[in-house]
Amino acid sequence: MSTTDRLIKDIVRERRFHFRLFIEGIVVGIFSGGVIALFRYILTASEVYRPEIYKTVATAFYEGKYSEPLAYAASFILIALLLAKLLKNEPMCSGSGIPQLKGVLMGKMNMKWASVLFSKLIGGILAIGAGLSLGREGPSVQIGACVGQGVSRSAVRTRYEERILMTAGAGAGLAAAFNAPLAGVIFCLEELQKTFSPMVLMASITASVTATTVSQLIFGGMPVFHFDELAVFPLSLYGILIVFGIFIGLLGRVFNKTLIFSLDTYDRLKLRNEVKIFVPLAMAGLLGFILPDILGGGGTMVNALASHQYSLIFLGILFLGKFLYTAISFGSGVPGGIFLPMLVLGACGGGIFSSMLLSQGLLPKPYVGDLIVFGMAAYFSAVVKSPVTASVLIMEMTGSFQHLLPLICVSMTAYLVADLTGGKPVYEELLARSLKIKEKMGEGVSGRRVALELVVASGSAADKLLLRDLVLPPQTTIVDIKRGLQRISPRDDTRLYAGDYIYLLTNDTDSSALKKLLGEGKIPER
């Protein structure tokens, strides 16, 4: 059976296809949840044992026993060599993994699921476990997508179904990492798909819920961040939220620029991979004795901010140290994300802002914890520009379900500040940078045939246009059109309308052009 016939069969037999996605979503969720649980367990153990290692090394050094400090220094050199080897063998495992995944879903990159999964898992454990200021959540998203691709390839599914399962796996990875199933689903729709698809929704929900269930069987159902009961933020103080959103939005805007600057600086220095990776590792070896709070993802720092009242100066040191070390760690290109460090920086920003208000008597003390929580959502929203995902994610991670309104308020404010100052979503910037490098190196995708499900946007070039007047890329075939519950056979005289779902076959290199043609609205003439 040809790819076109298989795609038409899946579309026409919609209920059966939905049921198959439901079952496959469960399978993806089980395997994603299991792998992410292992990843999470090892990195959690590293957070516990790392301080003990630093303590042992310091004690041995003061006692004149230098064998342990030398072994400690040699371990960082070994880790740098191993990470450089992993990156050489599998370049797709570098960094967060989310930009690469977006590139694969757009048809601009290729990914070998087994190789990337293994390299990302081992590389993430080595880099984050050694203390680099990186998070497990970005890698978890890519690992989940690898599982989705693996399930699809094992069952010999179409490329269309494969992309659905990869998206579902990505959501499952995020859900398992954060114990946040709803955020996993919304992340798939808002950040990865950027449109609503019933097919993606079906697979994402089942995968995210299943992966979270697997995670909770191992780690329990408690939220990732442990806050005492937070006071309900009063409407009379919402003016503070607007100012706070502006403050965090500007901090997030600077973060994006610093991250790209760090990557560009490493490139300009033209260091060998081993040396480039050793730079942040050597810093981790020193910072563990000076400022250990900024090492690793930083989840323990958020819990400490929630339970202790730190001075404004110390909060500033924590923020600046975490900010700079995250940029240095991420710029080296090792496997590891910025998801959790972003949230930590937002929490520190909330602590700084609340401390300033407290000193001026402008904020009652019971609401300090609220601003720490809101800061995480606002910072994520400013950097990633996904305010709905930010609000729901922090709500689930902290268990503060009564704070949805202020979370959305501060997230949208930070989003608008970042947008008005010319900020772009960080993962879009990182993807564009990666594609530019691949283009310079003469690398590209294979030009495979893929199936796409696209929605005609209101005011787009395709809205109210006859099919015969729609200029499509070469070798692109419209297979089916769905309008509500009605199915329409594509003919030359068929007119498209906003909200129509278009199913088509094309080359993966043309995916972006088709999404732009059908999904971007035009500015109305006056």
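Tutor: Start with a definition: helices and strands are DSSP runs, numbered from the N terminus. A lining residue has an atom within 4 Å of a pocket point. Keep in mind that this is a predicted model.

Student: What makes α19 stand out in the lining of the second largest pocket?

Tutor: Its share. α19 gives six residues, the largest share of that lining. The lining has 29 residues, and L192, Q193, K194, L454 and K515 lie nearest the pocket's centre. Elements that give two or more residues include α4 (98-105), α8 (181-193) and β1 (449-455). The pocket's volume is about 820 Å³.

Student: What classes of residue make up this lining?

Tutor: There are 13 nonpolar, six polar and ten charged residues.

Student: Why are α8 and α16 called roughly antiparallel?

Tutor: Look at the angle. The axes of α8 and α16 (residues 387-398) cross at roughly 170 degrees and come within 8 Å. Angles over 145 count as roughly antiparallel. Therefore α8 and α16 are roughly antiparallel to each other. Among the residues in contact are I186 and F187 of α8, and V392 and L393 of α16. By class, the contact has nine nonpolar, one polar and two charged residues.

Student: How do you know that K102 and E428 form a salt bridge?

Tutor: The cut-off is 4 Å between nitrogen and carboxyl oxygen. In K102 and E428 the closest N and O atoms are 3.2 Å apart, so the pair counts as a salt bridge. By this rule the count comes to 17 salt bridges.

Student: What does the pair tie together?

Tutor: K102 lies in α4 and E428 in α18 (residues 426-440), so the pair ties together parts 326 residues apart in sequence.

Definitions and conventions: Residues numbered from 1 in each chain as written. Predicted model: local features only at pLDDT ≥ 70, side-chain atom pairs only at ≥ 80, totals over all residues. Heavy atoms only, no water. 1 Å grid on protein atoms, 1.4 Å probe; cavity = no way out; pocket = protein on both sides within 12 Å on 5 of 7 lines; lining within 4 Å. Points joined across faces, edges and corners; volume = space filled by probe spheres on them. Helix = DSSP H or I, 4+ residues; strand = E, 2+ residues; numbered from the N terminus. Nonpolar A, V, L, I, M, F, W, Y, C, P; charged D, E, K, R; others polar. Axes fitted to C-alpha atoms, helices over the stretch in contact; angles between N-to-C directions. Parallel < 35°, antiparallel > 145°, perpendicular 65-115°, else oblique. Contact = heavy atoms within 4.5 Å. Salt bridge = Lys/Arg side-chain N within 4 Å of Asp/Glu carboxyl O.
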